[in-house]
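The following note was prepared for a colleague who wishes to read the model with the coordinates at hand. It is arranged as numbered points, each of which may be checked separately.

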Amino acid sequence: EGYGDSPQNHYIWGWNSQYEYEGVGWYTQEIDIPSDWSGKQVELKLSGVRWRSRIWLDGNYIGEYDSLSVSHYHDLSEYIQAGQKQRLSIQIDNRMIYPLEEGHINSLQTATRWGGITGGIELTAYSSLSIQNVTCTPNVGDQSFTFSVKLSQLTDGLSLRVQVSHENDDIAIEVQQNIETAEFSVKVELGEQAHLWTDEDPYLY
């Protein structure tokens, strides 16, 4: 909204931008990396991006992401230098990457053809050992859940505990399993005690 040219069109049936710009924009910032981030997984999160983001850290290319509907995540861990000042460069390209034409997510009339990073920027450090992804798949037939889990890395002596609770926080079932690979599955069987969801009884575990 704060950079570009005056709009060529004015819409009486929708919102209007003060400025319009279509193309590449750059954001750069010198950042102080805390000394206690050594050995940690460091992730950059960009929210409300249109449309494609590309990232560099001290001139090292990190990668790119394009989405209008979800946040962009970039892993900076490889190039993070704990206790040092580093230069973060973000390139945003708000040009039409895919032929969406006019739609609720891309409309001149609703001023959704914005550019930049409208939802904020977060830089977060995690333990080098972390859960990167969890997917829960229910099976009504045998009244069970299967949790597919992906870890950032594998170390000795790990185990995973899955606890399924009722709405009142009482434990319905608990399963513990030793971990031997970085990607694995855990099946939790509720059996005949399973409380199934219906539109008349929308029960949630």
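The points below concern a predicted model and take up its sheets, its backbone exceptions and its aromatic pairs.

1. Four strands form an open sheet in the order 1-6-3-4, and their pairing is antiparallel. Strand 1 (24-32) and strand 4 (60-66) are the edge strands, each with pairing on one side only. On average, and with direction ignored, neighbouring strands of this sheet are turned by 15 degrees against each other.

2. Strand 3 and its partner strand 6. Strand 3 (residues 52-57) pairs with strand 6 (residues 85-93) in the antiparallel sense, over six bridges. Arg 54 stands opposite Gln 91 in strand 6, and Ile 55 has Ile 90 of strand 6 as its bridge partner.

3. Strand 3 and its partner strand 4. The pairing of strand 3 with strand 4 is likewise antiparallel and runs over six bridges. Here Ser 53 has Tyr 65, in strand 4, as its bridge partner. Strand 3 and strand 4 make a hairpin with two residues between the strands, and in this hairpin Asp 58 takes a positive phi near 55 degrees.

4. Asp 58. Asp 58 lies in the loop between strand 3 and strand 4, and its phi is positive, about 55 degrees, although Asp 58 is not a glycine. Most residues other than glycine have a negative phi, and most peptide bonds are trans. Is Asp 58 buried or partly exposed? Its relative accessibility is 36%, so Asp 58 counts as partly exposed.

5. Gln 143. A second residue that is not a glycine, Gln 143, has a positive phi of about 55 degrees. Gln 143 is placed in the loop between strand 8 (131-139) and strand 9 (144-151).

6. The cis peptide bond. Which two residues are joined by a cis peptide bond? The bond is that between Arg 50 and Trp 51, with omega about 5 degrees. Trp 51 lies in the loop between strand 2 (41-50) and strand 3.

7. Asp 93. Asp 93 is found in strand 6. Its relative accessible area is 6%, so Asp 93 is buried. Leaving aside residues up to four places away in sequence, Asp 93 touches Gly 23, Val 24, Arg 50, Trp 51 and Arg 52. Both residues of the cis peptide bond, Arg 50 and Trp 51, are therefore among the contacts of Asp 93, a residue that is buried.

8. Aromatic pairs. Six aromatic pairs are found in a search of the whole structure. One of them is formed by Phe 145 and Phe 147, a tilted pair with 6.3 Å from centre to centre and 35 degrees between the planes. Phe 145 is buried, at 16% relative accessibility, and Phe 147 is buried at 16% as well. Why is the pair of Phe 145 and Tyr 205 described as edge-to-face? The ring centres of Phe 145 and Tyr 205 lie 6.2 Å apart and their planes stand at 85 degrees, so the pair is edge-to-face, a class that begins over 60 degrees.

9. What the aromatic contact joins. Phe 145 belongs to strand 9, whereas Tyr 205 lies in the segment after strand 12, so their pair ties together parts that are 60 residues apart in sequence. Tyr 205 is partly exposed, with a relative accessible area of 31%. Ring pairs link Phe 145, Phe 147, Tyr 203 and Tyr 205 into a cluster.

Technical notes: Residues are numbered from 1 along each chain as its sequence is written. This is a predicted model: local features need pLDDT of at least 70, side-chain atom pairs count only at pLDDT 80 or more; totals for chains, interfaces and linings use all residues. Side-chain values use heavy atoms; hydrogens and water are left out. Two strands pair if DSSP finds at least two bridges between them. Axes are lines fitted to C-alpha atoms, for helices over the stretch in contact, and angles run from 0 to 180 degrees between N-to-C directions. Buried means under 20% relative accessible area, exposed over 50%, partly exposed in between (1.4 Å probe, protein chains only). Contact means heavy atoms within 4.5 Å. Rings of Phe, Tyr and Trp (its six-membered ring) pair if their centres lie within 6.5 Å; planes under 30 degrees apart count as stacked, over 60 as edge-to-face and the rest as tilted.
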